[in-house]
Amino acid sequence: MSAFFSLLRRAARVPLLLLLGFLPGFLGPYLVYLDAQVRARFDDLSWQIPSRVLARPLALERGLPLSAEALVLELEASRYRVEEGAVTSGTYVRDGARFVVSRRAFTGIDGKQPARRIAIGIAGNRVGSLADADSGASLATAVLDPARIATLYGAAQEERRVVQLEQLPALLVAGLQAVEDRSFKHHHGIDAMAILRAGWANLTAGRVVQGGSTLTQQLVKNLYLDRSQSVLRKVNEALLALIIEYRYDKRRILEAYVNEIFLGQQGGQAVHGFAAASEFWFGRDVGTLGAADIALLVGLVQGPSWYDPRRAPQRALARRNLVLQQFLDTGLIDAKAFAAARAQGLGVAAAGALPRNRFPAFLDLVRDQLRSDFPDADLSTAGLTLHTTLAPSSQLLAEQALERALAGLGRSDAGVEAALVVTGTADGEVQALIGGRDPDAPGFNRALEAHRPIGSLVKPFVHLVALAQPQRYSLASLVDDAPVSLPQRDGSRWTPKNDDGEVHGTVNLVDALANSWNLATVQLGLRLGVEPVRGLLQSFGLGREINPNPSLLLGAVELSPFEVARLYQYFAADGHAMPLRAVRGVVDAKGRTLSRYTVKPGTGDYVTAARLVTFAMQQVVDHGTARAIGAAGLGDLHAAGKTGTSDTQRDAWFAGFDGSRLGVVWIGRDDNKPTALYGSTGALKVWIELFRRLPGRELQLPTDGLEYAWIDPASGKRSDRVCSGARELPFAQGYVPEEREGCAMDRLRSWFGGGTEAGAAQPTPGRGE
């Protein structure tokens with residue numbers, strides 16, 4: 001027997017010596033290789049952090065036009081949920097027209113706003129009352145946190161918000177270690193006793209009920225390794241964990257873990273880290289979470305898909321309660337807190353907590369306006385927060401209005417597309433933008449890219465050129481609505497017609513615009529010269545050369561709906577050229593404001609002339625081609641606007657504004673076939689449907705620089721209020737007609753009570769688009 005063992009020893013000596021030589025020869029260099037891998041990733045640990053796109057915060061003040069319906073849309077867009085008493089941040093309660101909103105803390109471009117409970121009362125589609133819900137103190141203003149409307153992801157498609165340990169609740173940091181790795185502060189990367197305990201627990205249970213990996217090993221799995229279950233992978237996991245523990249302190253390891261751990265999935269987006277998971281599952285900042293919420297998140301570490309609280313609520317509830325029990329057993333919470341937390345429901349937000357990019361047309365505009373300052377790569381990987389101007393209530397109501405109006409067109413609806421732009425009259429902020437009748441569909445953005453003939457929308461600018469010369473023209477000036485025949489280069493003749501086929505003779509400028517008479521506009525434009533009209537349009541920076549043909553006077557210029565909005569913003573902003581902006585500012589991942597975008601209005605060289613044109617466009621709405629607005633019950637807005645239709649009814653337009661917003665609507669077909677619609681029978685219906693549900697202010701024409709006088713429409717001369725057919729019109733101050741048209745008999749009838757004091761005569765409505 002001894003001879004046998006002696007032989008065995010001699011036989012094993014050579015392989016043993018080879019192994020002893022191989023281990024340091026191979027393992028040493030391999031550890032050096034692994035160490036280099038660890039340091040390359042961990043020394044400058046960073047992630048592709050997506051950029052978040054936010055709507056504008058809702059600034060509240062007493063008197064602000066706001067309906068209860070619009071407020072609910074704003075709250076739902078910001079993922080507020082209904083809760084009795086609205087105690088928890090991110091909740092609200094409604095009692096009729098009274099709301100209590102528990103606002104979340106948030107950071108905007110103007111700094112941090114703390115959490116606050118706000119009481120809001122709506123009366124007559126206005127904010128009637130505003131108060132602190134806790135103290136009852138009246139508030140002059142209040143701001144609700146903005147809705148997150150989109151996320152710009154890089155190639156990684158990972159949802160993440162990087163935080164430091166101090167930004168997390170202490171219970172989360174301690175509870176994570178209590179549940180996942182109680183020896184974290186003491187081991188060196190691996191915990192042999194934990195592995196043995198887990199093996200025994202799994203063996204006795206007959207299934208995997210406990211893991212033996214330390215937090216460091218879990219971090220290694222996420223950062224360095226694939227999901228295979230080979231022996232080599234387990235060896236690598238242990239070696240990498242030991243190296244990380246040797247190289248870095250516990251704080252850095254734990255901070256990397258809480259930002260890297262996978263905690264959920266929505267579509268193609270993976271949710272990493274507890275801060276992002278808090279927003280994904282609860283719609284709240286991680287700092288606001290209670291014990292029950294924290295226990296749910298910690299419980300998800302073992303399997304976000306298996307314990308998904310939306311898909312498997314009972315399983316998630318059992319896991320959460322088990323974690324709460326461990327919190328109690330380790331002394332992190334007392335019995336009272338345990339009982340209260342265990343009695344709570346899961347409290348997760350509705351599905352889809354990561355906002356899909358719901359407004360692709362608006363996001364196109366955001367990217368366009370940021371491209372000169374931020375490369376596309378930065379927009380998707382640098383963790384920026386983009387503060388935009390989008391108003392969720394305006395956007396959502398615009399989408400609903402478009403759907404309803406197009407559905408009401410009947411057969412004319414077939415093959416029709418549409419685009420819509422809504423801006424604030426005072427600031428030029430783009431509140432809503434729709435690029436097609438399916439507002440969720442990305443791709444061809446008709447609001448920005450569809451350049452179509454604008455038809456009669458050009459006419460206010462022809463009038464603006466005239467009225468900017470008050471010594472020659474006023475709203476009372478006479479122009480011939482008479483036939484026009486001009487030679488063209490191909491030898492044919494250009495002979496425009498009025499849409500009603502009639503010739504109306506000598507008319508006032510105000511009536512020519514109100515009724516959109518083509519011949520009167522062409523006659524006026526030829527008198528002015530086409531070049532000044534072309535120059536005026538070109539001055540708005542449309543980005544293309546405009547051909548100064550006479551047909552320009554009837555809208556033979558192709559513009560996008562967004563470009564039309566830029567033109568009409570001039571009138572909506574009271575005669576001040578104003579760029580349209582979609583972005584307010586950009587904040588980096590640390591909350592520092594990188595860029596702030598403000599709008600500087602133009603100098604307002606022709607404010608008086610613009611106000612005169614606005615008055616004329618109010619007549620368009622009052623009794624002209626857009627009189628359907630009054631018939632729809634919106635007469636109190638005293639809105640101003642203009643209809644437009646291109647040749648053979650290929651394009652239907654309406655641009656109109658009240659005291660709050662400008663809306664531009666286009667309807668047409670992508671194949672450029674006729675739609676059988678006029679501006680007044682197509683686009684105007686969309687505008688009416690929107691402004692009927694979107695509360696606004698009355699448009700009050702400023703009187704500075706204007707003076708009113710009664711005139712005789714037939715002669716354009718000054719008259720008296722008592723004269724038959726007399727009309728009161730505004731004039732540029734100092735340019736009221738001096739020559740008078742008498743009406744002695746009318747005055748006699750008035751003196752003896754036999755006559756009627758006539759107000760402004762209403763011209764016979766005509767159709768001209």
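**Strands, cores and a covered helix in a predicted chain**

Strand E8 (residues 116-123) and strand E9 (residues 126-132) run antiparallel and are joined by 6 bridges; two strands count as paired if DSSP finds at least two bridges between them. Strands (E, at least two residues) and helices (H or I, at least four) are DSSP runs, numbered from the N terminus. Ala-119 has Ala-131 in E9 as its bridge partner. The hairpin of E8 and E9 has 2 residues between the strands, and in this hairpin Gly-124 takes a positive phi near 60°.

Residues are numbered from 1 along each chain as its sequence is written, and side-chain values use heavy atoms, with hydrogens and water left out. The mean pLDDT (the predictor's confidence in each residue, from 0 to 100) is 86 for the chain, and 84% of the residues reach 70 or more. Over residues 754-767 the pLDDT is below 50, and this stretch has 43 contacts in the model beyond near neighbours in sequence; contact means heavy atoms within 4.5 Å.

Taken as a whole, the chain has 24 helices and 31 strands. Of its 769 residues, 54% are buried, where buried means under 20% relative accessible area, exposed over 50%, and partly exposed in between (1.4 Å probe, protein chains only). Among contacts between residues at least 6 apart in sequence, 69% join residues at least 24 apart.

Turning to the sheets, 5 strands form an open sheet in the order E11-E1-E15-E24-E25, with mixed pairing. Strand E11 (148-152) and strand E25 (593-596) each have a single partner strand and stand at the edges, so one side of each lacks a neighbour in the sheet. Within this sheet, strand E15 (residues 385-388) pairs with strand E24 (residues 583-587) in the antiparallel sense over 4 bridges, and Leu-386 stands opposite Val-586 in E24.

The largest nonpolar core holds 133 residues, of which Leu-433, Tyr-568 and Phe-571 touch the most other members. Such a core is a set of buried Ala, Val, Leu, Ile, Met, Phe, Trp, Tyr and Cys residues joined through side-chain atoms within 4.5 Å. Helix H21 (residues 607-623) gives this core its largest share, 9 residues. Leaving aside neighbours within four places in sequence, the contacts of Phe-571 are Pro-460, Phe-461, Leu-464, Ala-610, Val-613, Thr-614, Met-617 and Phe-657. Another core, of 51 residues, lies apart from the largest one and has Tyr-257, Ile-294, Ile-333 and Ala-341 among its members.

Helix H23 (residues 683-693) is mostly covered, with 9 of its 11 residues buried. Among these buried residues are Trp-687, Ile-688, Phe-691 and Arg-693. Their cover includes helix H2 (68-77), helix H14 (392-407) and helix H22 (628-634), together with strand E16 (417-424), strand E27 (651-657) and strand E28 (661-668).

Another arginine, Arg-315, is found in helix H10 (residues 313-329). Arg-315 is partly exposed, with a relative accessible area of 33%, and touches Trp-306 and Tyr-307 when residues up to four places away in sequence are not counted.

Technical notes. Predicted model: local features only at pLDDT ≥ 70, side-chain atom pairs only at ≥ 80, totals over all residues.
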